[in-house]
Amino acid sequence: MDDIALFREVASELVRRRGYSVAGEAHSAAAAVEAAERLRPDAVLLDLRLPDGNGIDVSTVLTRAHPGLAVLLTSVDRNSPSDEVIRASGAQGFVFKACLAATDFSRYWPAPGDA
Amino acid sequence: MIELEREIESTTRISGVSGSAVQMALRASRRIPLSRFEAVTGGAAILGAAIAVWLTLRADFLAHPGWLAVQKADLVLGPVLTGLYWRRQRPRSQFAPLLIAVGLLSIPYVLQSSAVPWAFSVGVIWEGVIYLTTMALILAFPTGRLDGLVVRLVLAAGVVGTGFIVVIVMVAPVIAPDGSISGCLAACPENGLFVSADVPLAMRLIDANRVIVVVNAIATIALLVHRFAVGTPPRRRALAIGVPIAVFFLLTQAAYQGSNLVGLDSGAFHTTAQWAIATSRALVWYGFLSTLIAAELFAGRVLRRIVEESLRRPTLPELEAMLREPLGDPGLRLAFRSSAGWIDGTGEPVSSAPDRVLTVVVRDDSPAVAVFHDPQLAEDTELVHAAGAMALLARENAELEAAWNDALRELSSSRARIAAAADAERRALERDLHDGAQQRLTASLLKLSMLRELLAVESVAHTGMVELEEDLAAGLEELRQLGHGIYPAPLAESGLVGALERVAGRSGGAVEASGAGVGRYPPAIESAVYFCCLEAVQNASKHAGSGVHISIRLRAIGQMLRFEVRDDGSGFDPDAAFEGTGLQNLRDRLDAFDGRLEIVSAPGRGTVIAGAVPVG
């Protein structure tokens, strides 16, 4: 979930390339919560800065509503939230957007095809 | 409104443009040489009194020549000198000419001390004239006007009584002064105006005259008491000294003539009454003089109180009250000239008041303040002028102060608006960078990485693309730092404490930040404080020496947000050091929100940069 269409496009392409299927995209915190409810995904890539909220709060809402949902936080900013904040939000971790291509998603998400 | 305009204009013309209070005050404080009128009038009075003393002391038929000489001189000098002083203090008063006239009219009374028969008789008749002028003076006090039915009846009766005396002199073979201390020893001089004897007529007229004197005295006492009872505070003040003395004089006169009527024409009571009349008559003018002096002392007190009141910065609606109480005129009204005509302190238009007297204070040749006051205060025109001028000054002061405060408030809020607008722009710029260039370039970087994955690892293209990715990542980092410098994203996300804790987190232990109880504030204030702290931390790590420890403390106390950046470094002398433009800019940024910044340091003692911003 990301509010920038261009980035969503590239990120979808990337995760597809890593063997995952993309159930859906959302451009805001509200749309993310609604889409998760509708599509029941196994994993979510979530931007920290959204037009109507922040990723930490959205992660908290999503993981409470859907226990077992694997949330990976990301941002164009290199600075990561502290480990405690990430843990408290129920997310699996944080990855700098520029490093996404080099990321081993299986560290945070279930392996593709497991679901 | 137009009517009032005309009224003020005509009042201004009458009092003369030079009648402004300031000029009045200057004139009052200057020593004015004797005018021609004063020299002639005063000279005539002194000459008359000297002749009276000389003639009286020379007369060998009088019982009390010494006392009589004093009385006759006083009858001339007392009213004339009091009148001249009165005229100086109140040039427009009608009472002053009356006093002077009464004094000059007393001069012929000196003839009573002459042994020449016709002169002696004229002197005896003149007792009636003196009675009349004294009554007129008492009735005209303090305005100088002789209005009203009672006043006219009393004076008419006095004229009739004086006519009786003329007839008595013509029909009585032997006459003696009816005055108190003007009695003769063995015999008085011959009656030079005797025509033919009619003793019974003379006796009846003497009694009739006594009845007139008694009735007149009682009527006048009643009138004076009535004037005092119904008088407004300023009128009562004017009557306070003159009236009791006049009443005492009239009472002794009524008692003396009353006792004569019932046949009590000798003995201790008679003698006492005679001396009481002589004394109280002499006191009448000095009562009037005391009234004038008391009025001047009063004016001094009034002006002092008004000046003191004006120091308390009265507001425009309070200006009337500032004059009302000291002047003792609860109905006093003020009108100020404005572009919208004549208005009162609350800005309402003022209309003319028929039962009030209008005094106009002129400034720069045009009327500036109109004072509607009690008619009795018209006697104290200079006082009203000065009081009106004080009101004008106080009003201008209040207006200037209000304008100044408005300007300051406007300046302060416009500075805060400008600072907040600049801050909003910085935040928008940072958002644009974040949502635009940074995202686009990050997306490009990812695309590039995905493309590279398709290439063989060791190929020239692969190596080139790795370099390209590194360049792009470096450019992205620069962009990120630029955005962070413009407006740090953590500040928007987690507030001051969160953002400063991140600063501390990056420092590797050299900086610690704390801010228990500090919440969120308007973005412009948060960023002003954030950048102040950041600048202070950067200064400390640059100048305080190696191994320095820096602590940032934030506290919210009451309506103030306080911050303090303290280091244990080498310190410096703040008076000698040049304050960098960075810190000066931050000081200005804090100033825009009425905040302040202080730097405390000394060589070897570390540095504390502390500030506070109101956040209420």
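Tutor: Along its sequence, chain A follows the pattern α-α-β-β-β-α-β-α-β, which comprises four helices and five strands. Here helices (H or I, at least four residues) and strands (E, at least two) are DSSP runs numbered from the N terminus. The model is predicted, and local features need pLDDT of at least 70, side-chain atom pairs count only at pLDDT 80 or more, and totals for chains, interfaces and linings use all residues. Residues are numbered from 1 along each chain as its sequence is written, while chains are lettered from A and ligands numbered from 1 in the order in which they are written.

Of the 115 residues in chain A, 38% are buried (20 or more other C-beta atoms, placed from the backbone, lie within 10 Å of the residue's own). Among contacts in chain A with a separation of 6 or more, 52% join residues 24 or more positions apart; a contact requires C-beta atoms, placed from the backbone, within 7 Å.

Chain A also meets chain B: 17 residues of chain A are in contact with 18 residues of chain B. On the chain B side, helix 13 (381-453), helix 14 (460-486) and helix 15 (489-506) of chain B each give two or more residues. Helix 13 of chain B provides the largest share, twelve residues. By class, this side of chain B has seven nonpolar, five polar and six charged residues, where Ala, Val, Leu, Ile, Met, Phe, Trp, Tyr, Cys and Pro count as nonpolar, Asp, Glu, Lys and Arg as charged, and the others, Gly among them, as polar.

Methods
Contact = placed C-beta atoms within 7 Å. Buried ≥ 20, exposed ≤ 12 C-beta atoms within 10 Å, placed from the backbone.
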